[in-house]
Every structure is written in C-alpha cells, then in structure tokens.
Amino acid sequence: MNALRAGLLVVAAALVAGDWLMSRMMLHMFVQLPLLFAGGVLLALPRETSWVRWNVPVLPAAVFVTGVAMTWMIPRALDGAIESPAVNAAKVISLLLAGAVGARAWASASTLVRTFVAGNSVWMMASVGMLYLDAPARLCTSYARSEQQQVGIALISLTVLATALGLWRLSARRTIERSRGRLA
C-alpha cells in the first residue's frame, strides 16, 4: 500500500470513528489527534505527486507544528472540538497540515533542530500532564475529572518513556561514533 492510500485510510478511520474517539478524553488525545497528524505525514510522503514537491523552511515549520500540538492540548480547544463542528473541522485541518508540514521539514532538519523540537514536545507533554493531574477542578467540561487525571498520568508516562528512549538513542549514537573513531 502506498503512502497516499495509507494516509487516506488513516484519515478516514479518524473521521469515521470521530464521535466514538471524542467520547473519551484518552481516545481523543492519544488516538484521534495522533491519527490525524499521522495521516498528514503519510499524505505528504509520496514524492511522485507534484502537489507535495514543496520545500518547507525548518524553523517556521517547527513553530507551526509545535503551535498546533499545543493548541489541541488546551482543555478549551478539546471542548470546542466536541461542541462545534467548525472547531472540529479546524482541528482536523490543522493536524493534517501540521503532519504534512512536519514531515516535509523534518527530512531537512538538522540534529540540533530535531533535538530542540523533540525536547520541547516532551517538556510540553510533561507540563500538560502535570496540569491535568494536579488541577483541583475539572478543566475539560466535556470529560470527567477522572478522565482528565488518567490523561495526565498517560502524558507523564509518555514523557518518561520518550525521555528514556531519547537518552538511549543518544547513548547508542555516541557508542557507534566512538567505535568509528569520531569521538575522543
């Protein structure tokens, strides 16, 4: 299956199951939002089509992708996507576009920019996770406080996992470079 078909299939699944996925905060944040972003990535991957032959400047793309991700972690934005078809459409379009822009820019991003974006994403997930977990009141009116706390725990857990994976990858890279004699 080529990337374009896979992208269309992923987007269709996220949209067809949209009401069900938005019925639970965990499914909304950890399934639908990533599916839409991944759909955008897959739709941007086919290099044989002319509409994806555009060069994306890395730093503006990083700011855009980070901004979109931050927006859809805001409790009021999640509520808005549930309450308003227009806000939900904005969510779908912005995440697809962020996935496409991110995929196009990531390929040409330096290690420094990739590390910055990954570190910023991890920090953002940790911050939102702590907010959801420690908030004395319900932040999303569409979801129960217990769901909010579950998402907080999941975001913090994902942060720990991503940090461990990043450190392991950095260690493995340094080990490979040492074995090739590139590091002293």
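Leaving aside its neighbours within four places in sequence, which residues is Thr159 in contact with? Thr159 is in contact (heavy atoms within 4.5 Å) with Val122, Met125 and Ala126. A word on the model: it is predicted, so local features need pLDDT of at least 70 and side-chain atom pairs count only at pLDDT 80 or more, while totals for chains, interfaces and linings use all residues. Residues are numbered from 1 along each chain as its sequence is written, and side-chain values use heavy atoms, leaving out hydrogens and water.

**Thr159**
- Thr159 sits in helix H8 (residues 145-179); helices here are DSSP runs of H or I, at least four residues, numbered from the N terminus.
- Its relative accessible area is 9%, which makes Thr159 buried (under 20%; exposed is over 50%, with a 1.4 Å probe and protein chains only).

**Helix H4**
- Val58, Ala61, Ala62, Val65, Thr66 and Val68 are the buried residues of H4.
- They cover an arc of only 160° around the axis, so they lie on the same side of H4; the arc is that of the directions from the helix axis to the C-beta atoms.
- Leu59, Pro60 and Val63 are exposed on the other side of H4.
- Helix H3 (25-44), helix H6 (85-106) and helix H7 (111-134) are among what covers the buried residues of H4.

**Nonpolar cores**
- A nonpolar core is a set of buried Ala, Val, Leu, Ile, Met, Phe, Trp, Tyr and Cys residues joined through side-chain atoms within 4.5 Å.
- In the largest, with 28 residues, Met25, Met29, Trp72, Leu78, Tyr132 and Leu155 touch the most other members.
- Apart from it lies another core of five residues, including Val58, Ala62, Val113 and Val117.

Technical notes. Helices (H or I, at least four residues) and strands (E, at least two) are DSSP runs, numbered from the N terminus.
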